[in-house]
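User: I am new to reading protein models, and I would like to learn how to describe helices, sheets and cavities with care. Could you take me through them step by step?

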Amino acid sequence: MDTMINMWTVVEHVRVASSAAELAIFTAILYWFFTSSRVADMLEVVGERVGGWCGGVRESSSLRQVARARRRQNTDVYAKLDNELATRASSLYRLKEGPQVPPPQPETRPPAGLACSRCAPLSRDSWKDPKTEELGSVINILNIGRQTFANGGVVSRYLCDLAQCVHLIKYDYKDVLPSVMKDEHFQRAIEDTTREELKTKANGKHAGEKTYASVRKRVEAHAMKVLQDISSSMSNNVLRLVAWLCHKAVRRIAGGGCGTRSACVERLRRAKAAGLPLVFVPLHRSHFDYILVTFTLYLTGLRPPLVAAGDNMRIPFFGWFLRCCGAFFIRRRVDGSEYHGDPVYKSALRAYILNSLSANNNLEFFIEGGRTRTGKPQLPKAGILSVILDAYLDGTIDDALLVPVTLNYDRLVDGNFVREQLGMPKQMETFWSAFRGIWRTLNTNHGSIRVDFNQPISLKELVTSFQKYNYLKAPVETPLTPLNNNLAVNLDRQILYNHSHSSLFGADVSTEQKMMVEAIGRHLVYDAAQSTALMCTNVVSYVLLTEQRKGCSLSVLQASVEARGKALKLAGRDLGYTGDSHLVVKRVLATALESIVHNKNTEEVTVRHSELMEAALQLSEILSQEFILCAPCTRIEERLLEALRELISQEILVETQTPDVLQEQRWSQKFARTFDDDDDDRPDPTRLIKYKLSKTPEAIAERRRLLQTIRPLLEAYSATCRGLRDAPQKELVGSTLDSLLESFAQNKMIYGEAVSTDAIKNCLRLLRQWGVIEMYTDNRERKVRICPPYKNKSNIDDICANIHKFNIDTPLLK
């Protein structure tokens with residue numbers, strides 16, 4: 001019995017103790033609950049909701065304030081919070097009542113891609129929103145889907161790329177092959193080819209109807225196969241698939257994203273509403289350009305264009321994908337050489353392009369023909385552009401909007417072209433080479449990519465403007481001559497006279513129309529080059545090749561790149577990495593200046609204005625095969641005067657004062673003489689103007705930089721002139737490359753980039769333009785022959801001296 005009593009006593013003590021513990025725990029929980037700031041916030045929200053349901057509560061008595069008043073009257077923490085609330089309220093009052101200070105604005109970029117104010121003033125004022133100012137903001141097209149579906153469901157948020165591709169607009173692409181088969185010019189080409197084959201087969205005898213029918217059937221079958229090889233098969237489903245794949249691929253290879261200017265996209269959307277076909281004219285840097293332009297347009301809600309692609313891209317599987325993305329394949333050479341002539345093919349290509357435009361399809365073609373191997377824009381090819389101009393002139397289309405497009409990469413997807421610049425043959429694309437290239441690309445970070453679209457330009461307006469510039473259409477008496485006394489007058493016309501002779505022009509095209517096509521093509525390339533966004537690799541490479549060619553520390557390099565970036569931004573260039581327009585005209589003036597003063601030993605070197613301008617014009621003609629120095633609507637002498645003013649403003653040159661002519665009068669007279677060629681008897685108003693070289697370290701460093709920019713080209717041109725002889729072109733280029741490599745290996749030449757196949761071929765084109773050499777084809781081999789007047793060594797030395805004198809051995813570069 002005692003045992004039972006003791007047991008119940010223990011149980012009773014345990015129950016009392018556990019009850020006390022439970023009470024203590026419950027009390028602690030209540031204490032924490034009513035003193036916690038987070039819980040008080042929650043109670044305040046609940047109280048406000050309940051008060052709202054019951055007719056509202058007084059603003060002066062929230063639940064949190066009641067709890068504080070009752071439980072924490074003397075707590076410093078809540079007093080501090082109350083003070084902060086009071087301070088915040090008074091600050092808001094002062095902000096509302098005081099002067100408004102605008103928030104810091106994002107950094108704006110200069111307007112880029114605007115149409116020429118001289119040639120296309122109407123296009124320049126069109127296609128933009130007058131209510132908003134263009135800030136130059138850049139959008140990453142890879143983030144469009146993420147922003148669109150940011151507030152969507154869970155699936156669309158995590159699969160935003162796929163969701164965006166599924167919701168892309170479907171476009172109707174009309175099959176133009178039936179229209180092409182009925183085209184009058186195409187049928188005429190088939191008939192002419194049939195009759196030519198009948199003449200060859202009959203050998204002068206009359207051919208019967210049966211023979212004619214069989215030949216006609218074979219020619220039509222050939223024509224149909226040509227059309228099938230050319231035509232595209234645009235598919236919306238494949239476009240969506242490729243868009244989704246491009247999302248994944250571009251995210252992988254471009255760590256910095258793929259940017260485009262938002263203002264450019266808005267311009268295109270407004271231009272699309274005009275109902276005219278858009279003709280995109282990109283500069284060609286990479287094979288990736290084919291997909292990237294279409295990808296950018298498609299993601300931004302614009303109609304993807306039909307793309308003219310080289311037939312070397314018609315490889316298994318990849319060629320099918322390109323065709324379904326809008327590519328139509330053209331032969332790399334359709335310029336009418338004796339072994340590439342095919343009238344059926346040329347008429348089929350013309351008919352396909354014209355019928356595509358008349359069906360209101362957008363079009364894209366690379367005006368340079370092929371990819372640039374040096375990074376600088378190439379001279380335009382006139383083939384497809386001439387077809388579009390024909391379509392406008394004969395009324396097939398009312399107008400077309402030409403859109404120059406620029407693409408730039410931190411690092412080229414294609415790798416580099418060193419092998420080709422060293423004279424090695426181009427490797428043809430195959431399935432396995434394409435597969436290996438794609439695999440290697442997907443495992444490499446290529447930095448950032450920029451795709452920008454210039455302002456759409458009316459073809460009709462360009463044609464009308466060209467007809468106003470009569471000085472461009474005046475006949476050139478001796479277009480193929482070396483330097484002469486009338487260079488300033490003839491150089492502008494001479495450049496356009498040396499136009500492409502593509503057979504796509506047609507047989508009845510006048511010289512004036514060919515010059516018009518050449519002028520429009522040069523203008524498009526010039527505009528695109530000027531609006532190209534410059535990447536960080538461009539600026540760093542330029543600094544290393546010019547300002548810091550001998551090497552420097554990392555800190556010095558960073559300072560030089562930053563200074564060069566500021567200078568480029570000040571010049572109005574768009575820096576794609578947060579630059580050089582290769583303002584070659586300025587470099588031309590610096591090189592011409594050095595060619596004049598390097599032999600002068602006087603302490604204070606002065607140069608006459610006329611002497612400097614003459615040397616600059618001569619060097620401009622030498623570099624006319626390398627660069628488009630100015631738009632066709634601008635005189636080259638006017639562009640040189642602008643560059644001269646820049647050198648004076650930078651205090652590299654100092655203009656000496658002359659008492660008889662005022663500063664303003666001198667410049668106005670210069671420009672008047674630029675445009676007035678009728679009065680040649682009056683004295684030159686610039687004959688008294690002289691310039692003195694500045695001796696400051698900054699001026700010397702700037703002169704050195706300008707010289708080093710084009711010096712590698714002049715090295716290549718001089719070597720080409722030294723090795724000139726009668727030989728096949730391939731052999732001549734190879735021997736010149738060997739000479740340059742030997743000079744570089746023996747430290748006789750410090751510019752390794754002078755070893756360039758393109759520069760050698762461009763020098764040969766210049767000598768051909770001067771009439772020093774002629775090029776001809778013998779047994780399908782291109783050969784070079786020196787013209788009779790220059791067989792004499794002294795004569796050819798005199799001509800080549802015009803190039804050698806600019807490749808000077810100046811102490812400034814040592």
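Predicted model: local features only at pLDDT ≥ 70, side-chain atom pairs only at ≥ 80, totals over all residues.

User: Which residues in helix 17 and helix 20 meet?

Analyst: From helix 17 come Ile388, Leu389 and Tyr392, and these meet Leu459, Lys460 and Val463 in helix 20. When the residues of this contact are sorted by class, 5 are nonpolar, no residue is polar and 1 is charged.

User: At what angle do the axes of helix 12 and helix 14 cross?

Analyst: Helix 12 (residues 236–253) and helix 14 (residues 289–299) have axes that cross at roughly 105° and come within 10 Å. Helix 12 and helix 14 are therefore roughly perpendicular to each other. On the side of helix 12, the residues in the contact include Leu239, Val242 and Cys246, while those of helix 14 include Ile291, Phe295 and Tyr298. The residues of this contact divide into 9 nonpolar, 3 polar and 1 charged.

User: How many bridges join strand 14 to strand 15?

Analyst: Strand 14 and strand 15 (residues 781–786) run antiparallel and are joined by 6 bridges, and Tyr776 stands opposite Lys783 in strand 15. These strands belong to an open sheet of 3 strands in the order 13-15-14, with antiparallel pairing, in which strand 13 (727–728) and strand 14 (773–778) are the edge strands. Helix 32 (residues 757–769) packs on this sheet and touches strand 14 and strand 15, with a direction at about 110° to that of strand 14.

User: How much space lies in the largest cavity, and which residues are the closest to its centre?

Analyst: The general idea is that rolling a probe the size of a water molecule over the atoms shows where empty space is left. The largest cavity holds about 170 Å³ of space, and of the 16 residues that line this cavity, Asp492, Ile495, Arg522, Leu629 and Cys630 are the closest to its centre. Helix 22 (residues 487–497) supplies the largest share of this lining, with 4 residues. By class, the lining of the largest cavity has 11 nonpolar, 3 polar and 2 charged residues.

User: Which helix gives the most to the lining of the second largest cavity?

Analyst: The second largest cavity holds about 90 Å³ of space, and of its 12 lining residues, Cys119, Leu462, Phe466, Ala519 and His523 are the closest to its centre. Helix 23 gives the most to this lining, with 4 residues. The lining of the second largest cavity divides into 10 nonpolar, 2 polar and no charged residues.

Note on methods:
Residues numbered from 1 in each chain as written. Heavy atoms only, no water. Axes fitted to C-alpha atoms, helices over the stretch in contact; angles between N-to-C directions. Helix = DSSP H or I, 4+ residues; strand = E, 2+ residues; numbered from the N terminus. Parallel < 35°, antiparallel > 145°, perpendicular 65-115°, else oblique. Contact = heavy atoms within 4.5 Å. Nonpolar A, V, L, I, M, F, W, Y, C, P; charged D, E, K, R; others polar. Pairing = 2+ DSSP bridges. 1 Å grid on protein atoms, 1.4 Å probe; cavity = no way out; pocket = protein on both sides within 12 Å on 5 of 7 lines; lining within 4 Å. Points joined across faces, edges and corners; volume = space filled by probe spheres on them.
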